[in-house]
Structures are given as C-alpha cells and as structure tokens.
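Open the model in your viewer and keep the selection tool at hand. The stops below say what to select and what is there.

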Amino acid sequence: MKSSPLHSARVPFWLRWLLPVLLVLTWLAIAGVGGPTFGRLDEVSSNDQASFLPASAEATAAQDWQAKFRDSDEVPAVIVIENDAAISPTELGDLASLKAGLEGLEPGSAVIGPIPSEDGKAVQFIAPIGSSDQLKESVQELRDFLADSVPAGMQAFVTGPAGLTADLVSAFAGIDGILLLVALGAVFLILLIVYRSLLLPIAVLLTSVFALCAAILLVFGMAKLGWIQLSGQSQGILSILVIGAATDYALLYVARFREALTHTRNRTEAVLTAWKASFEPILASGATVIIALLCLLFSDLNSNKALGPVAAAGILCSLFAALTLLPALMALSGRAAFWPFRPKLVPAGEREPELVTGLEGQKGVWRATGSLVSRRPRTVWVTSVLLLLVASAGVLQLKANGVPQTDVILTASNAVDGQDALARHFDAGSGSPAVVIADESKADEVLAKVKAADGVGDAYLLAEGGVPITGAPGTTSVPDVHDGKVLINATLNYAADSIEAEDAVKALRDEVKTVDAGALVGGVTATALDTNTTAQRDLVIIIPIVLAVILLILMLLLRSVLAPVLLVLSVVLSYGAAMGVSALVFNHILGFPGADATVPLFGFVFLVALGVDYNIFLMSRVREESLKHGTRPGILRGLGVTGGVITSAGVVLAATFAALGVIPIMFLVQLAFIVAFGVLLDTVLVRSLLVPALAHDIGPRIWWPGKLGRPELDVAALEVAGRRDAGALDASALGADLESAEDAGRR
C-alpha cells in the first residue's frame, strides 16, 4: 500500500503545535467571555406568555389595543384571603386596613378591595404590579407582607397573572445550575464507561462546555439586539441540545481518531485523517439539524420562532467545537488521551480484513446483530416495522390541546393554590377578565351581548381613570375612548386557564361579532386559546417543510433517492412510535391531564432532526464501505464499525434530554421523556435493525439512481475489492475499474 505524504515527510511545526495551541487559546477566550454571560441570560429572558403570542392572532390585536387604555405595563396580582368560617365585620375591618400596606409596596398603584365573597368566607384584593422585570421579587414581597399581617387562622394567596408568572419563573430557576450539572454529570459517567479513560471524557466534556459558552454568547447578543425572544424554556433546551449534539459529534470524531491511530504512529496524521473522514458526516448532520430548526421560523407562534434561531445557534457552535477544538486537543494529547487503554498500531496486512460477508473482524454484539440482519433481513425489518406501528397506535390517546396554567407547574405553588381558593369563593375568572375591544358607537349593544353570553358572570365598560362604569344611581362616568374604540372587561364563570373558559371565549367572539364585526376579544384566556390553535396549525405546516429539507440533504449526501426516502420514512415511523408510547405514559403512569399544544411539534423537530444524525453517521459509513466491498458486505461492515459509536451517542443524547426532567415544568418533563425514549428507540431498533435489514434486503438498488445502485457495478466492486485485498490494486486502480464497469453498464 502506498504511503501518505505525512508518512514520509516531517509534519511542520505550525501544524503539529502552533495551530492546535492557537485553536485551544481561542476557545479558552470564548469560554472566558461566554461563561460569565450564562448568569446574565435573565436580563434578556421573558416567561410572560403574552410575549409569545401568535403574530396574527386576535388576542395579539386585542392586546395592542388594550395597551392604549392603560398608562403602564402593570400586571394584576389577585390576593385571596380565606377563612374556614364566615369573616366577621371586625375581621373585615382588619383586612381592609391591609390595603394601605399593599399600596405601600407598590408606590403609586391603586389596590382594589377588599371584595367580600358571597359566602362571606373570603375577601379579594387586586394589586397591580408595575414592573414585569421585577415580577418575582414583587410577588414575594406581597406574600411576605401578607404572612406577617393576615390574622391568625386565615390563609393568604397571591395568584392571578402576576402570581402564576412569578411561580413559573421560580420553577425555571434550576436551569442555570441544576440542569447543567445533572446533564454534564450523566454525560461524564457514560463517557467513562464508553472510553474507560479519564482524560478523553474530560476532553469531550470541555468541547461541549466550550460550545455551550459560545452558544450563550451568541444567543445573548442576538437577544440584546432584539433579533430573538429568549425564554426559560428555550434557554433550558439550548443547554441540553448543545451538550448532547457536541458530545455526539465528538464521539464520531474520536472513533475515527482511534481508528486512525491504529494505522500510524504520527498523532498529527491521525488527527487529519480522522478530521477528513468525519468532516462530511458531522457537517451534514449539523447542517440538517440547523436547517430543520430554522424551519420553526415558518411558525406563526412567536415562541416557536424564538426557539428556532436559539437552538440553531447552539448546533452551529457544537459543530465548530467538534471540528476545531476537539481535533486540537487530540493533536496535543495523541495516544495519551486514551490512557490507560491506548490504541496499538496494527500491522498493515491486518488493518483491512478481506471481506466476503462483511462480518469478518467483528466481535460481540455487533457481529451477532450483523449475522441476524444478513440471515433474515426481511423478517427483521418487517418485525421492526410492525412493532413501531403497534407503538404508534398510542398516538390516538395523545391529548395535546393545551393544559391549564395551574397544571403547568409540577411542584407546590402558592399561585395554583390561590386559583383553587378563588374558584371556591368567587367567579373563577376574577382578576383575569376577558377583554373586549368594540366600536364606540356600538358599545351599549356589545356590552349587552357580553353580559348575556354563556359563561360570563359580569361585564362593564371601562371609564376614564381606569374605573368601571357600573350604572349605579348618581354615577356620571364617561367611557374611556381611544381612536373610536372602547374597552369592556368581562369576568368569566370559569378559571381563566381552564378549557371551559376557552370555550366561553370562543362563544363570546361569535356573539359580539354579530353586533360589531370588528370587535376583538383578548385577555389571558384568549391568549392561551390562540396559542393552542396556532400551535396545532404549525404542526401541519412545519412538518412537511422539515421532511422535505431533510430528504434533500440526505439525497445530496448519499447520491441516491431511494435510500433517503426510506430513511426519512423510518424516522417518521420512529417518531410516531415515540409519541404513541409517550401518550400512554403521560395518561396512565404520570397522570398528566394533557400536553402542551407545542409538544408534538417540538418532539418532531428534535426527534426527526437528531434521528437523521444517526442515519447520516450510519449510511455515510455504509456508502464508504460499499464503494470498497459491495453493498451487502458494506452494510454489515458499516453497521459493525458504527454500532458502538451510534449507540453511545444515542445513550448520551437520551441522558442529556432526560436531564430536562429535573425542571418541574410539565412541558419540559414531557419533552424530556419523548426525546429520550425516542432517541433510544431510534438507536436500538431503527438504526441497529430496521435500516440495515431493509437495506440488506433491497441490496444495491438501495442506492438508486446512483451508480452504486446498479447490480453490475456492485459485482465489479466485489471483484475489485478481492484483487485489492490480494495486493493487486491501489485506490486509484479501484476507481478506474469502477469507472470501466460503469461505462460497460451504460453500453
């Protein structure tokens, strides 16, 4: 076999030492700036549901109009004070004295209340919080004040939009620390088991952490400039995605580096050989995931649009770290990275075993898997498909129509308890009214329709000064009018975040439009309704776009049409099975009331995009081996040499996404299970059995219409491979013989 130039020539100093050191120093500088920025993400992050409204939704238009009727961005906090028995007049007087103290906490704000309940066992205050930036702190001040001031024997709750948002922010508090520690700890443990080395897992983790630092720096800058809208949800997904993706790419590179070290003593040559072999699959994989994530920009839901660029930025940084920092670390450490199990140099004659079946040189579980695939390919892939179809049937039980905000937080919440107390003693929608924007000339007619609508407990026109027009004797309040529009507040009979309230808003919209076709209905309930509706519409639009993009990239990578189509179908089937099993787990084991409407879309984007990663890792190597040994031996050879890498990558990615489960938010817990289970299913069943067995059963035609898809070329490849292994041909002769066979095929 001919020697490469690097065998016969001394490696230049700049390539052996200077470039690797410069790359490491560059990444250290990026980490030095990006690391501290991690703690500043709260400056540019928002968890207010209204800020993620659908761009074209009715609730969005109503919110824009609503802003004209108030002088500030106040968020209402609903305070409920509950007693086991009826509150006496003396006790009511004591509670009334709390009003001054509450107003003192928010200078300049007017607190409404106390409003006694009909059963006399509770009172209600509505306290506006002036700054949404300090919402969590302001709500905590209210709770601390009430804990010290409420008479003994009574319970106080701070709920409503302010209370619920504050508790949601608190639930996301673990993202900066706990989530990252759990994810990194899980990855480090897995890498220790995989590599049985201490230095290599540290190098891979450094690659992931430095990639995350770069991603945080990039995302912070984009958010600061107003290009994206960052939330705790997308912040948590960013951390997990970067760690998982960077580690996956690192595993692929390290596998190639270990293989190259068995062929040469020169660590720089091994680094370059591994880089050349892994560059195309890593680049194709990263590009696929980035483009799939950017397809979220087609969403009409601002939260989806925000996640696309955030996650894509994370993958981009993972890609660069795996292709620059990790090779530099390997160039500096060489075989020492694998200590104490350093790769040994394999004699030239033993490096490429002569292949007849494709199983030669393989051992253990992957030889057994390849043997099963080669002996009964049709049985294996048909059985795999049937299992996935059975699992997919569970999708019929998936309830992804949104859940009440009180169910989103999975830990104890003062705001959630307050909503329950509010529902026990008042109109459940108190403090979070539906908002109707109507034409001034039709105000009375619209108000009458609103009051008569099913599910509405009370309604009033807003007067100048922000007070209600009650129609009481002696009142002379004038409606507040802006650009010919008036505002009507409607208190619903149901909790603002309930399904019943959403149904009431739907009916209310129909009613008011019979009088005023341009009327708008917004508010907390309408926001949730429009968000869920838009999320379901996005599912129908974005899924075909993502599939088309992935299919095109696979066609370009594999130079084939049939193989990419089958690979995409396998990923879709795997996604369906993951969602089906997840639905059963959510409903019957975890007891969730439903799922967020965005869960199916996010699950699809992550599972399909990341599942294609493993398709690319497998099939790019299968194609490489097929060019040398023929399709069927190439499939078994590719399966054997990538099986361990893909399985390790799948376990790492599953573990990192499972770490999302430590954040007590239903959406993140559900996404964690879907992606973790789906990745393992994809790794163990689809990538190890279904795809290889299907490809083996189809044979060379799997590459149709490329030149590898012609049976006569596959035979020629086998003959050439046999002569090459006998020492009769080098690589250039192999290419010439294949070209001759291709010409013969055309003739």
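Select Glu259, which is partly exposed at a relative accessible area of 29% (buried means under 20% relative accessible area, exposed over 50%, partly exposed in between, with a 1.4 Å probe and protein chains only). The model is predicted: local features need pLDDT of at least 70 and side-chain atom pairs count only at pLDDT 80 or more, while totals for chains, interfaces and linings use all residues. Residues are numbered from 1 along each chain as its sequence is written, and side-chain values use heavy atoms, with hydrogens and water left out.

A salt bridge here is a side-chain nitrogen of Lys or Arg within 4 Å of a carboxyl oxygen of Asp or Glu. Arg621 lies in helix α21 (residues 599–629) and Glu259 in helix α10, so the pair ties together parts that are 362 residues apart in sequence. Helices are DSSP runs of H or I with at least four residues, numbered from the N terminus. Arg621 is buried, at a relative accessible area of 6%.

Next, select residues 232–261, which make up helix α10. This helix has 30 residues and reaches 43 Å from its first C-alpha to its last, close to the 44 Å expected at 1.5 Å a residue; the expected span is 1.5 Å times one less than the number of residues. Of the 30 residues of α10, 27 are buried, so the helix is largely enclosed by the rest of the structure.

Move on to Arg559 and Glu280, whose side chains meet in a salt bridge (3.8 Å, N to O). Arg559 lies in the loop between α19 (524–558) and α20 (562–588) and Glu280 in helix α11 (residues 267–294), so the pair ties together parts 279 residues apart in sequence. Arg559 is partly exposed at 42%, and Glu280 is partly exposed at 39%.

Then select Asp530 and Arg509, another salt bridge (2.9 Å, N to O). Asp530 is in helix α19 and Arg509 in helix α18 (residues 499–513), 21 residues apart. Asp530 counts as buried at 8% relative accessibility, as does Arg509 at 11%.

The structure holds 17 salt bridges.

Methods: Helix = DSSP H or I, 4+ residues; strand = E, 2+ residues; numbered from the N terminus.
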